Amino acid sequence: MSTTGIMFECSCGEIFYGEEAPEECSKCKKLGGFVQLPEEIVKEREEDIKAEEFEDGY
Ligand SMILES: [Zn+2]
C-alpha cells in the first residue's frame, strides 16, 4: 500500500502534500511555517478542503 505523502499546514492555512514540508509557503511566503498534521486531523481537513473548494468554485 503506497502513501500519497504527508500533509502539512502553514499557519496561514495553506495545505501542502509531500514527503517533506516546503521551506517557504507559496501563499504567505513565510519560512518554516509548515507543521505536519496528524492523520486524524488530515481526514477532517480533507473534508474541510472539499467544502472550501466548493465555496470558491462559484
Ligand atoms: Zn503560509
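Guide: A residue is buried if 20 or more other C-beta atoms lie within 10 Å of its own, exposed if 12 or fewer, and partly exposed in between, with C-beta atoms placed from the backbone. The structure above is a predicted model, where local features need pLDDT of at least 70 and side-chain atom pairs count only at pLDDT 80 or more, while totals for chains, interfaces and linings use all residues. Residues are numbered from 1 along each chain as its sequence is written.

Visitor: Thanks! Is Lys29 buried or exposed?

Guide: Lys29 sits in the loop between β2 and β3. It has 10 C-beta neighbours inside 10 Å, so Lys29 counts as exposed.

Visitor: What is the phi of Lys29?

Guide: Lys29 is not a glycine, yet its phi is positive. The value for Lys29 is about 65°.

Visitor: Which residues does Leu31 touch, not counting residues up to four places away in sequence?

Guide: Leu31 also belongs to the loop between β2 and β3. Leu31 is exposed because it has 9 other C-beta atoms within 10 Å. Contact here requires C-beta atoms, placed from the backbone, within 7 Å. Leaving out residues up to four places away in sequence, Leu31 touches Glu23 and Glu24.

Visitor: How many Å separate the C-alpha atoms of Leu31 and Cys10?

Guide: Along the chain, Leu31 and Cys10 are 21 residues apart.

Visitor: Let's step back to the whole protein. What pattern does it follow along the sequence?

Guide: Helices (H or I, at least four residues) and strands (E, at least two) are DSSP runs, numbered from the N terminus. The protein has 1 helix and 3 strands. Read along the sequence, they give β-β-β-α.

Visitor: What share of the protein's residues is buried?

Guide: The protein has 58 residues. Of these, the buried share is 9%.

Visitor: In what order do the strands of the sheet stand?

Guide: Two strands pair if DSSP finds at least two bridges between them. The 3 strands make an open sheet with antiparallel pairing, in the order β2-β1-β3.

Visitor: Which strands are the edge strands?

Guide: An edge strand here pairs on one side only.

Visitor: How many bridges join β1 to β2?

Guide: β1 and β2 form a hairpin with 5 residues between them, and Gly13 in its turn has a positive phi of about 105°. The two strands run antiparallel, and the number of bridges joining them is 4.

Visitor: Which residue in β3 is the bridge partner of Phe8?

Guide: Phe8 has a bridge partner in β2, namely Phe16. On the β3 side, 2 bridges join β1 to β3, which run antiparallel. There, the partner of Phe8 is Gln36.

Visitor: Is Glu9 exposed or partly exposed?

Guide: Glu9 lies in strand β1 (residues 6-9), and its bridge partner in β2 is Ile15. Not counting residues up to four places away in sequence, Glu9 touches Ile15, Phe34, Val35 and Leu37. Because 19 other C-beta atoms lie within 10 Å, Glu9 is partly exposed.

Visitor: How far apart in space are Glu9 and Val42, C-alpha to C-alpha?

Guide: In sequence, Glu9 and Val42 are 33 residues apart. Their C-alpha to C-alpha distance is 9.7 Å.

Key:
Two residues are in contact if their C-beta atoms, placed from the backbone, lie within 7 Å.
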